[in-house]
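Please find below a note on the complex under review. It takes up confidence, the fold of one chain and the contact between chains.

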Amino acid sequence: MFISILHRVTGNGLAVVGLAVLVWWLGALAGGVQAYASFSEHASSWYGMIVLVGISWAFFNHMASGIRHLVMDIGAGYELGTNKTWSILCPAIAIVLTAAFWAVLLA
Amino acid sequence: MGNGTSIGRVRGLGAAKHGTHHWLLQRFTAVGNLVLLLWLGISLMLLPNFSFPTVSEWIAGPVPATAMALLIISSFWHARLGMQVMLEDYIHGANRVAAIIALNLVAFAGAAFGLFCVIRLALGGA
């Protein structure tokens, strides 16, 4: 239940905020040095970092539960124990991947 | 419409028969997003910095530009399908139709703008 809601929330969050930031980033790159400087200023500010970390967490979470969905689509993983294990592991994996991603980026 | 039993109304309208197509495309684009967004994530981790010259030179390369163009198509398509499901669950009647029309306009506009930016960067317009 919780995993399903989280999948929907992160998916729609990515669709709105994630794609908006992606398009802004590409638009700033195509717009030239000044437009990119404006984007960078917002992206590297404290609120920008919250949004970017949020987007990356939403992506890794949506990716983990999405892969779980793909596995379940082929009819696997419905045993109660297996199902429960992966429903707990998915958000945990997402947090680990988010932390690892930013550890590399900020290194 | 609006008269008779529930089953009678369903028989009169019938299914759109587009459900499987929608479902399959959601999966195809999901796999596309998985590959392309992992590519983007790893590429960002490998970039030495995020300065304008570094990033614009990187994305102008043939492979990154192609991958980014595919990423835009796959992710906007996936987002459009996913948000449609969400809208269908929570909005009803005429508002639902209006919301889905708006969703389609925004999704296509966003994807078109993203693709234009990538082409401009790749062909040295910027």
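1. Residues are numbered from 1 along each chain as its sequence is written, while chains are lettered from A and ligands numbered from 1 in the order in which they are written.

2. For the complex, the predictor reports an ipTM of 0.93 and a pTM of 0.90. Chain B has a mean pLDDT of 91, with 88% of its residues at 70 or more; pLDDT is the predictor's confidence in each residue, from 0 to 100. Where pLDDT is low, the predicted coordinates should not be read in detail.

3. Chain A contains four helices and zero strands (DSSP runs numbered from the N terminus: helices are H or I, at least four residues; strands are E, at least two). Chain A is more spread out than a compact globule, because its radius of gyration of 17 Å is well over the 13 Å that the globule rule gives for 107 residues (taken over C-alpha atoms; the rule is 2.2 Å times the number of residues to the power 0.38). Its C-alpha atoms fill a box of roughly 55 × 25 × 20 Å along the principal axes.

4. Between the chains, 26 residues of chain B are in contact with 23 residues of chain A (C-beta atoms, placed from the backbone, within 7 Å). On the chain B side, the elements giving two or more residues are helix 2 (19-46), helix 3 (52-59), helix 4 (62-90) and helix 5 (94-122) of chain B.

Key:
This is a predicted model: local features need pLDDT of at least 70, side-chain atom pairs count only at pLDDT 80 or more; totals for chains, interfaces and linings use all residues. Two residues are in contact if their C-beta atoms, placed from the backbone, lie within 7 Å.
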